[in-house]
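Hi,

Here is the structure I promised to pass on.

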Amino acid sequence: MIVDFRELGISEDLTGLLKKNGITVPTPVQEQSIQYIRSGRDLIAQAQTGTGKTLAFLLPLFEDIDISKDQIQVLIMTPTRELAIQIYDSFNTYGQFTDLKSCVVYGGVSQKPQEENLKRGVDILVATPGRLLDLMDQKIVNIEKIKILVLDEADRMLDMGFIHDVKKIIARTPAEKQTLFFSATMPPDIAKLAAKILKNPE
């Protein structure tokens with residue numbers, strides 16, 4: 001049976017926006033992930049790039065994040081600036097019916113504009129590990145009260161040598177949070193990291 005986005009609890013406004021962009025039926029990773037993310041469960045998902053996993057984690061966030069909190073509530077970590085920008089662009093495309101504010105930070109460019117965006121207040125932060133750690137060490141970013149941590153393309157973060165930065169960042173997040181772990185492959189080091197940071201994941 002084909003499930004539609006309304007059956008997964010996605011609002012009419014958002015479902016209509018998806019249809020306008022040619023998305024009418026959830027992909028397998030969306031169909032399987034959204035219900036568990038909305039239930040508050042930790043999640044581990046193995047899915048290739050291009051299977052719709054960005055919307056698998058963004059859509060439930062649009063429905064469930066509390067906009068009254070004046071703090072970063074969701075941290076999405078991804079290995080490259082291209083992926084970070086892609087997630088941020090998806091947020092801007094599909095998050096237009098929400099009052100959520102997002103910001104993207106990545107290295108290789110001046111941090112000043114990113115800093116200014118952060119000062120305006122952010123609900124969802126999309127970041128590459130190196131720049132995020134720099135901003136945390138400078139006390140510009142505080143992730144100690146996040147509610148949800150998303151690790152996207154975890155295997156690529158390992159391949160690119162970011163795993164130690166990722167571990168340092170995770171150590172500075174609260175113990176009580178929901179963690180969503182997306183990876184195209186599951187090499188032993190990534191499986192070990194997942195086992196360490198996820199609590200009874202789906």
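In this predicted model, F57 is in contact with I37, I76, I87, V150, D152, L180 and F182, leaving aside its neighbours within four places in sequence. F57 also belongs to the largest nonpolar core, which has 36 residues; F57, L59, I76 and F182 are the members that touch the most others. Helix α3 (residues 53-64) supplies the largest share of this core, with seven residues. There is a second, separate core of 32 residues, and L75, L125, L149 and I163 are among them. As general background, nonpolar side chains tend to be buried together in soluble globular proteins.

How do α6 and α8 cross? The axes of helix α6 (residues 129-137) and helix α8 (residues 163-171) come within 9 Å, at a crossing angle of roughly 40°. Angles between 35 and 65 degrees count as oblique, so α6 is oblique to α8. The crossing of the two is left-handed. On the α6 side, the residues that meet α8 are P129, G130, L132, L133 and M136, and their partners in α8 are D165, V166, K168 and I169. Sorted by class, this contact of α6 with α8 has six nonpolar, one polar and two charged residues.

Finally, a word on G16, which is found in helix α1 (residues 12-20). G16 has a relative accessible area of 28%, so it is partly exposed. From G16 to V126 is 110 residues in sequence, and their C-alpha atoms are 25 Å apart in space.

Happy to hear your thoughts once you have had a look.

Best wishes

Technical notes. Residues are numbered from 1 along each chain as its sequence is written. This is a predicted model: local features need pLDDT of at least 70, side-chain atom pairs count only at pLDDT 80 or more; totals for chains, interfaces and linings use all residues. Side-chain values use heavy atoms; hydrogens and water are left out. A nonpolar core is a set of buried Ala, Val, Leu, Ile, Met, Phe, Trp, Tyr and Cys residues joined through side-chain atoms within 4.5 Å. Buried means under 20% relative accessible area, exposed over 50%, partly exposed in between (1.4 Å probe, protein chains only). Helices (H or I, at least four residues) and strands (E, at least two) are DSSP runs, numbered from the N terminus. Contact means heavy atoms within 4.5 Å. Axes are lines fitted to C-alpha atoms, for helices over the stretch in contact, and angles run from 0 to 180 degrees between N-to-C directions. Angles under 35 degrees count as roughly parallel, over 145 as roughly antiparallel, 65 to 115 as roughly perpendicular and the rest as oblique. A crossing is left-handed if the near helix is turned anticlockwise from the far one by less than a right angle, and right-handed if clockwise. Ala, Val, Leu, Ile, Met, Phe, Trp, Tyr, Cys and Pro count as nonpolar, Asp, Glu, Lys and Arg as charged, and the others, Gly among them, as polar.
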